[in-house]
Amino acid sequence: MRLNEAPVFGHQSARPIRLVVLPLLFAFTLLSAAFAQAELTGFWVLRVPTGDGNYRETFFQLYQAGESVTGKVLLGSRELPIHDGTFRDGHLHFVVSMRRQNQERHVSYDGALEGSRILLTQNFPGREPVKGTAERTRPEAAFPPTRLPIPALHEVSDNGLARTPPMGWNSWNKFAGKVDDAAVRGVADAIVSSGMSKVGYVYVNIDDTWEGSRDRDGNITTNRKFPDMKALADYVHSKGLKIGIYSSPGPKTCAGYEGSYGHEEQDAKTYAAWGIDYLKYDWCSASRIYKDEDMRAVYQKMGDALLKTGRPIVFSLCQYGRAEVWKWGAKVGGNLWRTTDDISDNWQSMETIGFSQFQIAPYIRPGHWNDPDMLEIGNGGMTGEEYRTHMTLWSLLAAPLLAGNDLRAMSEETKGILMNAEVIAIDQDPEAKPVKVVNQDGQTAVLARPLKDQSVAVGLFNRGDQPAEVGVNWSVLNLPVGKLQVRDLWKQQNVEASGNRYSATVPNHGVVLLKASVTP
Ligand code: GLA
């Protein structure tokens with residue numbers, strides 16, 4: 001229809017009116033449908049202040065069709081598809097599911113469209129809801145930068161560090177995002193005053209959330225919780241301790257802070273200039289750029305960069321045991337590599353992790369260790385018996401002993417578990433022989449680890465909910481011939497060792513740890 005036909009519309013004739021009004025109505029309906037779609041369709045960002053000068057950013061890619069909403073949530077290193085998405089009467093609702101600790105968790109979102117913003121509430125299970133305002137953003141902002149080329153593989157030379165499993169403290173399990181300069185200084189003081197440093201705990205490791213943004217030259221800065229990292233490192237060193245830091249090969253860390261992507265060498269130099277002695281390097285958002293088969297090259301890049309600084313820096317790989325890291329972790333200069341998902345402070349998490357590590361135990365050797373994650377001892381979610389099982393398992397596995405509790409406020413029981421020098425000596429045995437399963441039947445397990453002095457550490461575990469009798473025949477331990485002496489390392493006393501076998505009533509979720517030695 002031509003515009004100059006318009007005057008005809010004014011005629012009182014039904015036909016021309018229908019001719020004009022109906023298409024107009026149709027066009028209006030189309031337009032308003034398109035407008036309604038455009039209401040939510042597009043990219044949104046929710047910025048929640050972290051309190052240290054940074055923002056936690058969550059991106060949303062939404063498609064709206066009538067009342068139905070689909071798309072995904074780009075949360076940290078994950079891209080999570082939206083389900084059950086609706087938009088009715090101005091109210092937006094959707095759910096995303098994620099796996100953590102082998103459990104399916106659902107996060108639901110509720111929002112109201114107000115002008116060009118969505119007032120959004122994120123409901124994380126078991127946590128206070130997080131409210132914020134989502135604003136429209138450019139698609140590029142929601143996606144990671146383009147993939148940088150990865151280097152050709154080679155073997156990074158051994159840095160000669162961590163001849164026995166690293167011991168110290170890490171901030172994440174207890175402090176998470178609340179770690180700051182004062183807490184780290186307090187923990188350094190406590191490692192010394194509690195006597196922990198005397199039994200081998202030396203590294204004071206700051207995990208995620210210390211990072212600020214990059215300066216004009218691309219140098220990583222600290223956020224306001226850490227006003228002067230060099231001064232903090234000096235303080236930790238003045239106590240005779242060493243200091244560790246954390247980053248990611250991706251653009252963002254797991255908590256959404258600045259990662260080392262494209263700045264690997266520059267960051268390694270900064271760490272060295274600050275006086276850092278240990279780096280935990282956590283895959284996180286690298287998963288949105290690289291494939292698992294790129295991991296070795298990506299970790300190698302930082303392994304090379306650390307060596308190039310000339311400063312001795314322990315290199316801790318954290319990629320949750322993917323891509324059989326125990327087979328190549330040492331080749332990228334790794335001193336330890338995480339073998340599992342994150343631990344939590346409860347029996348089920350600790351037990352699942354601890355008893356799933358035996359097959360890969362033979363991959364340990366001086367300087368290169370399996371890391372089943374940091375200790376939860378003293379954090380309150382397990383009984384003393386369970387924490388003794390935790391410490392015993394980790395020691396038999398020759399796992400790094402990184403306390404994850406608040407060392408400034410430890411009970412006597414916690415100190416006793418973390419500082420039993422005879423148990424620590426099992427973990428730190430210089431020969432690095434792997435633990436062997438003597439017997440495992442679901443409820444009970446007997447583990448044995450041969451030690452450098454020809455003795456054998458034996459753990460009698462009861463995983464059940466009732467006390468149980470657990471025993472071992474001496475003949476299975478391949479001890480040399482001679483007079484047998486057996487010591488209970490938790491009771492710190494020798495026990496009767498006559499006969500072919502030792503057996504004890506082990507409390508539920510508990511352990512008896514023996515050291516069997518023979519004198520000729
Ligand atoms: C991952 C790691 C944890 C911790 C957090 C920090 O989940 O596995 O050990 O470092 O990131 O964000």
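**Figure 1. The side chains of Asp267 and Ser260 joined by a polar contact in a predicted model.** The side chains of Asp267 and Ser260 are joined by a polar contact of 2.7 Å, where a polar contact is a pair of N or O atoms within 3.5 Å and, within protein, one atom must be able to donate a hydrogen and the other to accept it, residues adjacent in sequence counting only if both atoms are side-chain atoms. This is a predicted model, in which local features need pLDDT of at least 70 and side-chain atom pairs count only at pLDDT 80 or more, whereas totals for chains, interfaces and linings use all residues. Residues are numbered from 1 along each chain as its sequence is written, and side-chain values use heavy atoms, with hydrogens and water left out. Asp267 lies in helix H6, helices (H or I, at least four residues) and strands (E, at least two) being DSSP runs numbered from the N terminus. With a relative accessible area of 1%, Asp267 is buried; buried means under 20% relative accessible area, exposed over 50%, and partly exposed in between, with a 1.4 Å probe and protein chains only. Apart from neighbours within four places in sequence, Asp267 is in contact with Arg214, Ile220, Gly259 and Ser260, contact meaning heavy atoms within 4.5 Å.

Figure 2. The buried residues of H6 are Glu264, Asp267, Ala268, Thr270, Tyr271, Ala272 and Trp274, and their cover includes strand E11 (211-214), strand E12 (220-222), helix H5 (229-238), strand E13 (242-247), E14 and H7. After H6 comes Gly275, with a positive phi near 95°. For helix H7 (residues 295-309), the 15 residues should span 21 Å at 1.5 Å a residue, and the end C-alpha atoms are 22 Å apart, which agrees; the expected span is 1.5 Å times one less than the number of residues in the helix. Among the buried residues of H7 are Met295, Arg296, Tyr299, Gln300 and Leu306, and the buried residues of this helix pack against helix H6 (264-274), strand E14 (278-282) and strand E15 (314-318). Gly310, whose phi is positive and near 80°, follows H7.

**Figure 3. Ser316 in strand E15.** Ser316 has its place in strand E15 and is buried, with a relative accessible area of 2%. When neighbours within four places in sequence are left aside, Ser316 is in contact with Tyr278, Leu279, Lys280, Tyr281 and Leu336.

Figure 4. Of the 13 residues around the ligand, Asp207, Asp208, Lys280, Asp282 and Asp342 come nearest, a residue being near a molecule or strand if one of its heavy atoms lies within 4 Å of it. The residues of this shell divide into 7 nonpolar, no polar and 6 charged, where Ala, Val, Leu, Ile, Met, Phe, Trp, Tyr, Cys and Pro count as nonpolar, Asp, Glu, Lys and Arg as charged, and the others, Gly among them, as polar. Polar side-chain atoms lie 2.8 Å from an oxygen atom of the ligand in Asp208, 2.9 Å from an oxygen atom of the ligand in Asp282, and 3.2 Å from an oxygen atom of the ligand in Arg338. Taken alone the ligand exposes 310 Å², of which the protein buries 93%; accessible areas come from the Shrake-Rupley method with a 1.4 Å probe, and for residues only the protein chains shown count as cover.

**Figure 5. Asp427 in helix H11.** Asp427 is found in helix H11 (residues 421-427) and, at 0% relative accessibility, counts as buried. The side chain of Asp427 makes a polar contact of 2.8 Å with the side chain of Gln428 and reaches the backbone nitrogen of Ala399 at 3.3 Å. Although Asp427 and Ala398 are 29 residues apart along the chain, their C-alpha atoms are separated by 4.6 Å. Beyond its neighbours within four places in sequence, Asp427 is in contact with residues including Pro165, Trp394, Ser395 and Arg449.

**Figure 6. Two loop residues with positive phi.** Most residues other than glycine have a negative phi. Asp89, in the loop between strand E4 (78-88) and strand E5 (91-100), has a positive phi near 50° and is exposed, with a relative accessible area of 83%. Ala323, in the loop between E15 and strand E16 (336-338), has a positive phi near 55° and is partly exposed, with a relative accessible area of 36%.
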